[in-house]
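Hi,

Here is the structure I promised to pass on. Have a look at it first, and my notes come after.

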Amino acid sequence: RLSSLVLDSVHGGLGWESHLQNTKLQLKQLMFRDCDTQTDTTDLSLALVGQSLRRLGIVSNYCVHPLSDRDLRRVVVRCPQLESLDLTNACHITNDSLVTLSETLPALRTLLVGAFGSEVTHIGDAGFVHLQDRLTFLHAAVTELMDVSCLGSSLVTLEVPHNYLLRVKHTPNLPNLTRLDLSGCQTLTDDSLGSLLSACSKLQYLELAHFRNASNTTLATISHCCPSLIELNCRGWAPNLITTSGVNALCTSHEGTIKVVELPAFDWEAANKLKKQFPDIKIT
C-alpha cells in the first residue's frame, strides 16, 4: 500500500485528486514541491488524506507560490496527526504560523523552516517560544531566532546555520541535545558558545564551520563541555588562530570517544603528525 507521495509542480486541474479519492489511500507522508497550495485541489487532497498524514512538506519556489500564514492554517487544520512539517523556503510566514502550529498540531516534533538566502525575517523568538518543550528536531534557517533559550528541553537536533544575530542571552536547557549545527553563526563568542555547550552534556555531533571567532580557547571550551563528542567540524576557521597543540589537547581528552575531526586548512604537516598520533580518529 502506497504510504508516501510527492506532488511536483502540480497547479490543479490534472485529475489526480479523483485518483486519490478512488484509491482511498492511507498516506503517511505527502510532499508538495513547487505546487500552488492556494488551490481547491490542495484542499481536496488534504481532505482525502490529511487525517492519516504524519509527515507533510510544502517546499516551494517562494517567489512563484508564496505560502502565507492563512494558507498554512488552512493546510494544517486538515492534518491533526502531523509529527513532521517541512516548510523550506516559506519566507512569507510569520510568528503567527508558529502559534497556529502549537494550537493545531499537538504531535508535532520535527520542524524545518527557512532556507539560507531566502531572507526569512518574520519568524523568531516570539514564535518559537510557543513550541517550547515540544520539538525534538528543529532546522531554522531564519534571521530572527536570536536566543536559543526559548527553544526548550526536548530538542535532540538543532540546526541554526548562517544566523548572524544568534545570541545566548540566558543559559538554555538542552539536556537531550545530541546534534548541533551552528555553521556560519558569526556573532557567537567563546563565552556565549561555552554557555550554550555547557547545557548540552549529551552532545555528540557539532558543526562549527566558518566560526569566525574560533581559537584554541574554542577547542578548550568544546573539550570541557562536550565529553561525549563524536564528530567536530571546524572547516573554515582562521588557520592562524588555532595550533597543533590545541587540536592535540582536544584529541587527547576525547581519545576513545571522538571519531572525526574536520580541520581548517592549516599546517598539513602538523595534521599528518596528528593522524599518526591518533590513528583511531579520522582527521581531515
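Below is what turned up, going from the whole chain down to single residues.

First, the ground rules. This is a predicted model, so local features need pLDDT of at least 70 and side-chain atom pairs count only at pLDDT 80 or more, while totals for chains, interfaces and linings use all residues. Residues are numbered from 1 along each chain as its sequence is written, and side-chain values use heavy atoms, with hydrogens and water left out.

**The whole chain**

Of its 284 residues, 52% count as buried. Buried means under 20% relative accessible area, exposed means over 50%, and partly exposed is in between (1.4 Å probe, protein chains only). A contact here means heavy atoms within 4.5 Å. Among contacts between residues at least 6 apart in sequence, 62% join residues at least 24 apart.

The largest nonpolar core has 73 residues. Such a core is a set of buried Ala, Val, Leu, Ile, Met, Phe, Trp, Tyr and Cys residues joined through side-chain atoms within 4.5 Å. L56, L85, L101, L111, F128, L182 and I222 have the most contacts inside it. If you leave aside neighbours within four places in sequence, L182 is in contact with V160, L166, L188, L193, L196, E207 and L208.

**Helices α4 and α5**

Helix α4 covers residues 95-104. Its buried residues are S97, L98, T100, L101, S102 and T104, and they pack against α3 (69-76), β4 (84-87), β5 (110-114) and α5 (125-128). T100 counts as buried because its relative accessibility is 5%. Not counting residues up to four places away in sequence, T100 touches R73 and V76.

G127 is in helix α5, and at 0% relative accessibility G127 is buried too. Again leaving out residues up to four places away, G127 touches N95 and L98. G127 and V99 are 28 residues apart in sequence, yet their C-alpha atoms are 6.4 Å apart in space.

**Helix α8 and the cysteines**

Which residues of α8 are buried? In this helix (residues 244-253) they are G246, V247, L250 and C251. Seen down the axis of α8, they fall within an arc of 130 degrees, so they line one face of the helix; the arc is that of the directions from the helix axis to the C-beta atoms. What covers them includes α7 (216-225), β10 (231-233), β11 (260-262), α9 (268-277) and β12 (282-283).

C251 is buried, with a relative accessible area of 0%. C150 also counts as buried, at 9% relative accessibility. How many disulfides are there? The count comes to 0, where a disulfide is a pair of cysteine sulfur atoms within 2.5 Å. For C251, the closest cysteine sulfur is in C234, 9.4 Å away, which is too far for a bond.

**Rings and a charge**

The charged end of R179 sits over the ring of Y205, 4.1 Å from its centre. To qualify, NZ of Lys or CZ of Arg must be within 6 Å of the ring centre and within 35 degrees of the ring normal.

**Some loop residues**

Most residues other than glycine have a negative phi. D133, in the loop between α5 and β6 (137-141), has a positive phi near 65 degrees. H210, in the loop between β9 (205-207) and α7, has a positive phi near 60 degrees. Both count as partly exposed: D133 has 45% relative accessibility and H210 has 44%.

E83 lies in the loop between α3 and β4 and is partly exposed at 39% relative accessibility. Leaving aside neighbours within four places in sequence, E83 is in contact with R54, A107, L108, R109 and T110. The C-alpha atoms of E83 and L135 are separated by 9.4 Å, with the two residues 52 apart along the chain.

Cheers

Technical notes. Helix = DSSP H or I, 4+ residues; strand = E, 2+ residues; numbered from the N terminus.
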